[in-house]
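Q: I would like to learn how to read the features of a structure, one at a time. Please start with the terms.

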Amino acid sequence: MVTLAAVPSVERAPGLRPWPRTWLERQLLLERQHDRLEALLADLLSLHLAEAPAWRAVDALACDDACRRLLWDLRLHLRLEERWLQAEGCLCSGHRAAHAEAARAAFSAFVRSAGDRQARGVWLRNLSDWFTAHRAGPDATAYAAATAATAVSSATVSSATVSSATASSATAIPASQP
Ligand SMILES: [Fe+2]
């Protein structure tokens with residue numbers, strides 16, 4: 001019987017926690033999703049290796065369902081990442097296009113590899129390679145830009161707060177003079 005150690009949980013369980021509001025909280029969630037998706041990809045890939053034990057029909061169905069779920073979770077992750085990076089002004093058109101192309105290619109190859117364990121293994125390998133490279137490339141760059149933008153924004157707000165407080169004090173002093 002095939003068992004999957006890594007259970008994807010890209011979706012937020014309803015009623016547990018509110019969605020994160022700051023970029024730093026959002027980044028943490030996105031990185032956790034990255035980790036889970038990578039773990040699931042590795043898990044599924046190990047089941048599709050040529051030397052892995054033979055499958056029963058129920059195992060093939062379980063793996064097919066898990067791959068379908070992986071694809072679904074990946075698309076949700078990409079959409080969430082796009083939304084949150086855009087909110088920080090850090091989603092470029094190339095990044096968005098890379099997501100769209102990857103999702104389209106992954107779905108197409110998923111359909112073509114239906115019922116073929118070896119072809120599905122190649123699909124998983126290609127998807128895993130793309131995901132790892134994308135995380136280290138466009139994602140890392142965009143996340144760093146969003147973090148820097150957040151730091152600049154926070155510094156500007158702090159500076160404005162100090163200036164405002166200083167101005168208030170300056171105007172308050174003469175008013176309290178006899
Ligand atoms: Fe991305």
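A: Helices (H or I, at least four residues) and strands (E, at least two) are DSSP runs, numbered from the N terminus. In this case, α2 is followed by G89, whose phi is positive, near 70°. The model is predicted, with local features needing pLDDT of at least 70 and side-chain atom pairs counting only at pLDDT 80 or more, while totals for chains, interfaces and linings use all residues. Residues are numbered from 1 along each chain as its sequence is written.

Q: How many helices and strands does the protein have?
A: There are four helices and zero strands, and the order from the N terminus is α-α-α-α.

Q: What span is expected for α2, and what does it reach?
A: The expected span of a helix is 1.5 Å times one less than its number of residues. Helix α2, residues 57-87, has 31 residues. From first C-alpha to last it reaches 46 Å, close to the expected 45 Å.

Q: Which residues of α2 are buried?
A: A residue is buried if 20 or more other C-beta atoms lie within 10 Å of its own, exposed if 12 or fewer, and partly exposed in between, with C-beta atoms placed from the backbone. In α2 the buried residues are C67, L70, L74, H77, E81, W84 and L85. Over the whole protein, buried residues make up 17% of the 178 residues.

Q: Why does R112 count as exposed?
A: R112, in helix α3 (residues 93-112), counts as exposed because it has 11 C-beta neighbours inside 10 Å.

Q: How do the axes of α2 and α3 cross?
A: Axes are lines fitted to C-alpha atoms, for helices over the stretch in contact, and angles run from 0 to 180 degrees between N-to-C directions. Angles under 35 degrees count as roughly parallel, over 145 as roughly antiparallel, 65 to 115 as roughly perpendicular and the rest as oblique. The axes of α2 and α3 come within 11 Å and cross at roughly 170°, so the two helices are roughly antiparallel. Two residues are in contact if their C-beta atoms, placed from the backbone, lie within 7 Å. Among the residues making this contact are L71 and L78 of α2 and A103 and F107 of α3.

Q: Which residues make up the largest nonpolar core?
A: A nonpolar core is a set of buried Ala, Val, Leu, Ile, Met, Phe, Trp, Tyr and Cys residues joined through C-beta atoms within 7 Å. The largest has 12 residues, including L37, L70, A106 and W123. Helix α1 (23-47) gives the most to this core, with five residues.
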